[in-house]
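Hi,

Here is the structure I promised to send over.

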Amino acid sequence: MMAKWRSAFQMSQKDVVGLADKINYLSNNSAATAPEIANIVSKVGALGELSGFNAGQVAAIGTAMVSMGVDADVGATGMKKVATVLTKGAGATKRQQDAYAQLGLTA
């Protein structure tokens, strides 16, 4: 799993160990388990990076979802969809651009 993280997030071994430490911290301080968080991080992978989320942020968002009762696989799918929408840029629909505007963002 850590080798996949190194590749997906273009991390050094030290950075991967740091991510594992973050995941352990999150699991020790939430209702999510380390395997659930790691599963989300692995499934979202580089797509999160392309959307402007670093690996630690993907882990934190995944933790929040799982802690609220969202299945890890469902959470990963949801994060992928959010990432896809956030990276549409000029290809965003009018409705998506309106949603961005409500958040103070532009496509």
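A quick word on terms before the helix packing: an axis here is a line fitted to C-alpha atoms, for helices over the stretch in contact, and angles run from 0 to 180 degrees between N-to-C directions. Also keep in mind that this is a predicted model.

Let's start with helix 1 (residues 2–9) and helix 3 (residues 34–50). Their axes are 8 Å apart, and the two pack at an angle of about 15°. Angles under 35 degrees count as roughly parallel, so helix 1 and helix 3 are roughly parallel to each other. The crossing of helix 1 past helix 3 is left-handed.

Which residues meet there? From helix 1 you have Trp5, Ala8 and Phe9, and from helix 3 Ala38, Val41, Ser42, Gly45, Ala46 and Glu49. By type, this contact splits into six nonpolar residues, two polar and one charged.

If you skip neighbours within four places in sequence, Ala59 touches Leu19, Ile23, Leu26, Ile37 and Val41.

Is Ser27 buried or exposed? Buried means under 20% relative accessible area, so Ser27, at 14%, counts as buried. Beyond neighbours within four places in sequence, Ser27 is in contact with Ala32, Thr33, Ala34 and Ile37.

Cheers

Conventions
Residues are numbered from 1 along each chain as its sequence is written. This is a predicted model: local features need pLDDT of at least 70, side-chain atom pairs count only at pLDDT 80 or more; totals for chains, interfaces and linings use all residues. Side-chain values use heavy atoms; hydrogens and water are left out. Helices (H or I, at least four residues) and strands (E, at least two) are DSSP runs, numbered from the N terminus. Angles under 35 degrees count as roughly parallel, over 145 as roughly antiparallel, 65 to 115 as roughly perpendicular and the rest as oblique. A crossing is left-handed if the near helix is turned anticlockwise from the far one by less than a right angle, and right-handed if clockwise. Contact means heavy atoms within 4.5 Å. Ala, Val, Leu, Ile, Met, Phe, Trp, Tyr, Cys and Pro count as nonpolar, Asp, Glu, Lys and Arg as charged, and the others, Gly among them, as polar. Buried means under 20% relative accessible area, exposed over 50%, partly exposed in between (1.4 Å probe, protein chains only).
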